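Here is a briefing on one protein chain. Please look through the sequence and the model, then read the points below.

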Amino acid sequence: MHRIVLLGPPGAGKGTQAKRLAQELGIPHLSTGDMLRAAVAQDTPLGRDADGYMRQGLLVPDSLVLGILRERLGTPDAHRGFVLDGYPRNVAQARSLAELTPLDHVLYFEIPDSVLVERISERRSCPTCGTVYNLVTQPPRTPGRCDRDSTPLVQRSDDTEESVRTRLVVYREVTLPLLDLYRTQGLLRTVAASGTVEDVDARVRAALR
Ligand code: AP5
């Protein structure tokens, strides 16, 4: 079974690779960031609670995120496996996840900060279908428009310089310690996340063999 977690700093390319991998394996891509952004866009009570934390680059409280993840993991398509991207973010979330499901692989995306900043500052996404672009490395065919539905592309509200700085600090302080946890459990594989999308894709496949 493929119950896979992707760990790594903001902008490492987790979402990009998670979509490709999930499609190839025929299992769902579960992104807590996407779930929270959808809640914000739909102005649900969860979205209203989460929005301020996200804009500042802070973690949304564990209890709020666990609720949506538990619900999603409970749906039938996730029983065949999943690619989980954005969860867990701290030790408490890792414990909660362990109570919900066993894992088969944890892939750590390793990448220099200079590459992250460049990837994040050039990221744009489609507010209608969620497709993610990069103005330098994965540009849309028509500048500023989604290839799928022609919607004008937007920049994420947390891709500001200040929020990215905070997200990196939070990542180092509370998420990085998860590497030791999963290494101890024998689940961790490190993937070099620099290079083209295809390069990283090939390394992800190799790490899962
Ligand atoms: P989340 O959405 O999880 O964001 P993140 O972890 O900060 O990661 P990103 O989405 O920024 O980056 P990514 O690694 O997916 O990179 P991508 O593939 O887009 O979380 C956002 C917020 O939600 C959090 O700050 C928090 O507030 C909240 N949240 C979410 N989960 C939570 C949780 N569990 N607990 C509490 N709060 C939570 O790629 C980046 C760019 O690079 C794109 O433009 C892409 O096109 C490009 N790119 C990708 N790969 C390559 C490549 N190989 N070469 C060149 N360009 C590339």
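Arg123 is buried, with a relative accessible area of 15%. Here buried means under 20% relative accessible area, exposed over 50%, and partly exposed in between, with a 1.4 Å probe and protein chains only. The model is predicted: local features need pLDDT of at least 70, side-chain atom pairs count only at pLDDT 80 or more, and totals for chains, interfaces and linings use all residues. Residues are numbered from 1 along each chain as its sequence is written, and side-chain values use heavy atoms, with hydrogens and water left out.

- Arg123 forms a salt bridge with Asp159, and their closest N and O atoms are 2.9 Å apart. A salt bridge is a side-chain nitrogen of Lys or Arg within 4 Å of a carboxyl oxygen of Asp or Glu.
- Arg123 sits in strand 5 (residues 123-125), and Asp159 sits in the loop between strand 6 (132-134) and helix 7 (161-175), so the pair ties together parts 36 residues apart in sequence.
- Asp159 is buried as well, at 7% relative accessibility.
- Shared partners link Arg123, Arg156, Asp158, Asp159 and Arg167 into one network of salt bridges.
- Helices (H or I, at least four residues) and strands (E, at least two) are DSSP runs, numbered from the N terminus.

**Other salt bridges**

- The salt bridge count is 16.
- Arg205 and Glu24 form one of them, with an N to O distance of 2.0 Å.
- Arg205 belongs to helix 9 (residues 197-208) and Glu24 to helix 1 (residues 14-25), so this pair ties together parts 181 residues apart in sequence.
- Arg205 is buried at 16% relative accessibility, whereas Glu24 is exposed at 55%.
- Arg37 and Asp34 also form a salt bridge, at 2.9 Å from N to O.
- Arg37 and Asp34 are three residues apart in helix 2 (residues 32-41), a separation of about one helical turn.
- Arg37 is partly exposed at 27% relative accessibility, and Asp34 is partly exposed at 35%.

- Lys14 lies in helix 1.
- Leaving aside neighbours within four places in sequence, Lys14 is in contact with Leu6, Leu7, Gly8, Pro9, Asp85 and Phe109. Contact means heavy atoms within 4.5 Å.

**Nonpolar cores**

- The largest nonpolar core has 29 residues, of which Leu36, Leu84, Leu97, Leu103, Val106 and Tyr182 touch the most other members.
- A nonpolar core is a set of buried Ala, Val, Leu, Ile, Met, Phe, Trp, Tyr and Cys residues joined through side-chain atoms within 4.5 Å.
- Elements giving two or more residues to this core include strand 1 (2-7), helix 3 (45-56), helix 4 (62-73), strand 3 (81-85), helix 5 (91-100), strand 4 (105-110) and helix 8 (178-184).
- Helix 4 gives this core its largest share, five residues.
- Leu103 touches Arg3, Val5, Phe82, Leu97, Tyr182 and Leu187, not counting residues up to four places away in sequence.
- A second, separate core has 21 residues, among them Ile4, Ile111, Leu168 and Val191.

**Strand 1 and its partners**

- Strand 1 is mostly covered, with five of its six residues buried.
- Strand 1 runs parallel to strand 3, and five bridges join them. Two strands pair if DSSP finds at least two bridges between them.
- His2 has Gly81 as its bridge partner in strand 3.
- Strand 1 also runs parallel to strand 4, through four bridges. Val5 stands opposite Val106 in strand 4.

**The whole chain**

- The protein chain has nine helices and seven strands.
- Its radius of gyration is 16 Å, close to the 17 Å from the globule rule for 209 residues, so the chain is as compact as a globular protein of that length.
- That radius is taken over C-alpha atoms, and the globule rule is 2.2 Å times the number of residues to the power 0.38.
- The C-alpha atoms fill a box of roughly 45 × 40 × 35 Å, taken along the principal axes.
- Of the 209 residues, 45% are buried.
- Among contacts with a separation of 6 or more, 68% join residues 24 or more positions apart.
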